[in-house]
Amino acid sequence: MLFDPERHEPLVDAEWDPRRARSAIEWIVRDAEATYSPETYWPTHPKDLEPGEDPAQLSTSLYFGAAGAIWALRYLGATGAVRPAGEQTYDLALLRERNRSWLLSQGSRDFGSYLMGDLTIDLMAWADDPSAELAARLATLIEQNIDHPARELMWGSPGSLLAAAFLHEQSQDSRWADQYRRIAARLGAQLLWSDAHGCHYWQQDLYGYRSTYLGGVHGFVATARALIRGCHLLDAEDWRAWRHRIVDTISHTATREAGLANWRTELFAPPGRPPTMLMQFCHGAPGFVVCLGNFPGAELDEVLLAAGEAIWLAGPLVKGPSLCHGTAGNGYAFLKLHERTGEAKWLQRARAFAMHAIRQAEADAARYGRLRYSLWTGDPGVAVFLWDCLREEALFPTLDVFFGAPGGR
């Protein structure tokens, strides 16, 4: 089976209501503004705590902490989704120090991590003040991460690849193009070949475990997204080679049933375990559609459309409304297919998931007595999804766009 029905729930029967979507964005943003503290940022949601973790510990990262919530509030204000309540400023230098302290407390020195480290905090600071000092710091963070063994978006060099692409788009400084090409070349040298599947893949050394993830955070397709983003920075011959590898791996690893498609979590399942099939952004078809939605060419169109139909059939996720493993992240796949095909049904489906995500966010807020103040796992990410449903855009936050108004695709 392509997905586990127990992980999904029936779609609420609610017509698209743009006023309700705007009201939900306003609710999320105003609540976040009112709850923010310069000393403690936002309270960590119980869903973002691992067993035994201190709920009072500052949560600072882009993925599920203060950096991501700040990014979302700044982005929603800059793009006109809401008018900021006041002249709120954020001390990004202090946030960087606190995030670095948190990483060290976890035994990590992965300061160049895109979703968990200093890199994206410094990107926001550079957007405010593109100084030579900040540029040098960013260049160092990217350079130090080139040989990271994770080889995935969250911790490894693919996140650095994406950062270099954003920086080049914003500044046109050749140093970022040079770094981008060096990272891409190193990733190319690290590729492995599977005779069994007839395709290339990466092995990720992640959390003490060697894996062969394929999905939209830790796997092959997340790296493919970063390569697609900056393909214009590569030599024509290098991009042709990457294009061939991407098409082969995506095509050869898809599991198909009755006109539908999904991808297993790992290319090679751990010994004694069957392949895992999920249907969420970080593992499964939604992440593949989002990451490949801007692929230049039609070779993958058929399998992406089949994946979109599978996402729709599966329905919203029981886990809630979030981007990484919730209804909003799956809804972004429909926005990508609408952008790619121009077919109205995909926008309608995205908006249906948006109405469901609002219900889920409201239910979670009632249950926990608070919102979930994070970008990839919480309500600010949902607000960005609702905004894209309103304006008919498909800009997955910090993956497709970073610096306010969108750059290249």
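Helix α2 gives the most to the lining of the second largest pocket, with four residues. A pocket is an open set of points on a 1 Å grid over the protein atoms alone, where a 1.4 Å probe fits and protein lies on both sides within 12 Å along at least five of seven lines; lining residues have an atom within 4 Å of a point. The model is predicted: local features need pLDDT of at least 70, side-chain atom pairs count only at pLDDT 80 or more, and totals for chains, interfaces and linings use all residues. Residues are numbered from 1 along each chain as its sequence is written, and side-chain values use heavy atoms, with hydrogens and water left out.

The second largest pocket has a volume of about 270 Å³. A volume is the space filled by probe spheres set on the grid points, which are joined across faces, edges and corners. The lining comprises 14 residues, and L73, P84, G86, Q88 and Y90 are the closest to the centre. Both α1 (18–35) and α2 (66–78) supply at least two lining residues. Helices (H or I, at least four residues) and strands (E, at least two) are DSSP runs, numbered from the N terminus. The lining divides into eight nonpolar, four polar and two charged residues. Here Ala, Val, Leu, Ile, Met, Phe, Trp, Tyr, Cys and Pro count as nonpolar, Asp, Glu, Lys and Arg as charged, and the others, Gly among them, as polar.

The largest pocket has a volume of about 1100 Å³. It is lined by 40 residues, and E50, Y63, F64, M116 and Y207 lie nearest its centre. Two or more lining residues come from each of α3 (92–105) and β3 (204–206). This lining holds 18 nonpolar, 13 polar and nine charged residues.

Y63 and F64 also belong to an aromatic cluster, together with F281, Y332, W376, F385 and F396. Across the whole structure, 25 aromatic pairs are found. Rings of Phe, Tyr and Trp (its six-membered ring) pair if their centres lie within 6.5 Å; planes under 30 degrees apart count as stacked, over 60 as edge-to-face and the rest as tilted. The ring centres of Y201 and F268 are 5.4 Å apart and the planes stand at 75 degrees, so this pair is edge-to-face. The pair links distant parts of the chain, 67 residues apart: Y201 is in strand β2 (residues 199–201), and F268 is in the loop between β6 and α10 (285–292). Y201 is buried, at 12% relative accessibility. F268 is partly exposed, at 34%. Buried means under 20% relative accessible area, exposed over 50%, and partly exposed in between (1.4 Å probe, protein chains only).

Two arginines sit over tryptophan rings. The charged end of R175 is 5.2 Å from the ring centre of W176. R245 lies over the face of W242, at 4.6 Å from the ring centre. A charge sits over a ring if NZ of Lys or CZ of Arg is within 6 Å of the ring centre and within 35 degrees of the ring normal.

Strands β5 (residues 254–257) and β6 (residues 260–263) pair in the antiparallel sense over four bridges. Pairing requires at least two DSSP bridges between the strands. A254 stands opposite W263 in β6. The hairpin has two residues between its strands, and A258 takes a positive phi near 50 degrees.

Y41 is not a glycine, yet its phi is positive, at about 60 degrees. Y41 is found in the loop between α1 and α2 and is buried, with a relative accessible area of 3%. Q172, also not a glycine, has a positive phi of about 60 degrees. Q172 lies in the loop between α6 (157–171) and α7 (174–190). At 55% relative accessibility, Q172 is exposed.
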